[in-house]
Amino acid sequence: MAAIGNRGTVTEAAGFKVEEDVNRLRGAMKGAGTDEAAVIEVLARRTIAQRQRIKEAYKQTVGKDLTDDLKGELTGNFENVVLGLLMTAPVYDAYELRNAMKGAGTEEAALIDILASRTNAEIRAITAAYVKDYEKNLEEDIDGDTSGMFQRVLVSLLTAGRDESNTVDEAQAVKDAKDIYEAGEARWGTEITYSKCLRSIRRSLGGTSRAALRGRCLALWRMSFWQ
């Protein structure tokens with residue numbers, strides 16, 4: 001699992017001084033209106049780890065929560081983006097999963113993008129954050145919003161037991177592909193078909209790059225026998 005602050009394309013700000021950033025954010029929210037450019041300049045150019053230090057220092061200095069102050073100053077999509085920047089990676093993933101399952105319908109692509117691209121350690125951190133922030137069980141929510149083999153694959157990924165090695169058994173991969181295809185042809189007629197296919201999918205998803213894993217999950221979801 002990558003260390004907080006070392007993921008993504010944002011690198012640590014040179015000469016980072018947390019007190020100066022806190023003062024700049026305070027100034028951006030003083031008086032009438034908000035200096036949105038200053039908010040962007042500070043938060044969009046800091047790593048996750050640096051933003052967490054800013055949040056802590058802001059609370060110590062001002063005696064208020066930075067997230068709450070920004071909520072009172074910003075609106076719309078800009079507010080959503082800024083508040084997202086203040087979250088740690090597991091908290092933000094939990095937030096996106098929750099949004100993907102709120103209201104009518106489910107954003108299956110969001111579920112795939114997150115659950116099929118995170119490491120086992122990251123999955124465990126996400127499930128813990130989900131319980132803490134929403135007082136709900138992530139697996140139960142996914143059970144209630146998805147169905148069929150797609151549901152089973154997502155729940156399987158949530159166990160955080162995927163093989164993360166880079167070793168590929170080519171013969172097994174061919175057999176797994178055949179099992180998945182034949183299960184589709186059978187229209188998931190029996191529990192044996194479900195279980196056999198799930199084992200094959202679990203193996204086929206292990207040991208692949210994150211991009212490949214997301215692609216396979218998306219392709220499986222799109223198959224007509226899941227509709």
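Which pattern does the chain follow when read along the sequence? Here are some notes on the predicted model, with the answer first.

1. **Overall layout.** Read along the sequence, the pattern is α-α-α-α-α-α-α-α-α-α-α-α-α. In other words, the chain has 13 helices and 0 strands.

2. **Burial and surface.** The chain has 227 residues, and 40% of them count as buried. If we take the contacts between residues at least 6 apart in sequence, 68% join residues at least 24 apart.

3. **The largest nonpolar core.** This core holds 24 residues, and the members that touch the most others are Leu97, Leu115, Leu138 and Ile142. Two or more residues come from each of helix H6 (89-101), helix H7 (108-115), helix H8 (120-134), helix H9 (138-145) and helix H10 (148-158). H10 gives the most, with 7 residues.

4. Not counting residues up to four places away in sequence, Ile142 touches Met101, Leu115, Gln151, Leu154, Val155 and Leu158.

5. **Leu158 in H10.** Leu158 has its place in helix H10. Its relative accessibility is 11%, so Leu158 counts as buried. Beyond its neighbours within four places in sequence, Leu158 is in contact with Leu115, Ile123, Thr127, Leu138, Glu139 and Ile142. Take Thr127 from that list: Leu158 and Thr127 are 31 residues apart along the chain, yet their C-alpha atoms are separated by 8.0 Å.

6. Is Gln52 buried or exposed? Gln52 is buried, because its relative accessible area is 17%, and the cut-off for buried is under 20%. This glutamine lies in helix H3, which covers residues 48-62. The side chain of Gln52 reaches the backbone oxygen of Leu86 at 3.0 Å. With neighbours within four places in sequence left aside, Gln52 is in contact with Leu86, Met87 and Thr88.

7. **First tyrosine pair, in H6.** The structure holds 2 aromatic pairs. In one of them, the ring centres of Tyr92 and Tyr95 are 6.0 Å apart and the planes stand at 35 degrees, so this pair is tilted. Both residues lie in helix H6, 3 residues apart, which is about one turn of the helix. Tyr92 is partly exposed because its relative accessibility is 32%. Tyr95 is also partly exposed, with a relative accessible area of 22%.

8. Why does the pair of Tyr130 and Tyr134 count as tilted? The planes of their rings are at 55 degrees, with the centres 5.3 Å apart, so the pair is tilted; edge-to-face would need planes over 60 degrees apart. Tyr130 and Tyr134 both lie in helix H8, 4 residues apart, again about one turn of the helix. Tyr130 counts as buried because its relative accessibility is 0%, whereas Tyr134, at 25%, counts as partly exposed.

Technical notes: Residues numbered from 1 in each chain as written. Predicted model: local features only at pLDDT ≥ 70, side-chain atom pairs only at ≥ 80, totals over all residues. Heavy atoms only, no water. Buried < 20%, exposed > 50% of the residue type's maximum accessible area, 1.4 Å probe, protein only. Polar contact = N/O pair within 3.5 Å; in protein donor to acceptor, adjacent residues only side chain to side chain. Contact = heavy atoms within 4.5 Å. Core = buried A, V, L, I, M, F, W, Y, C linked by side-chain atoms within 4.5 Å. Phe/Tyr/Trp six-rings, centres within 6.5 Å; stacked < 30°, edge-to-face > 60°.
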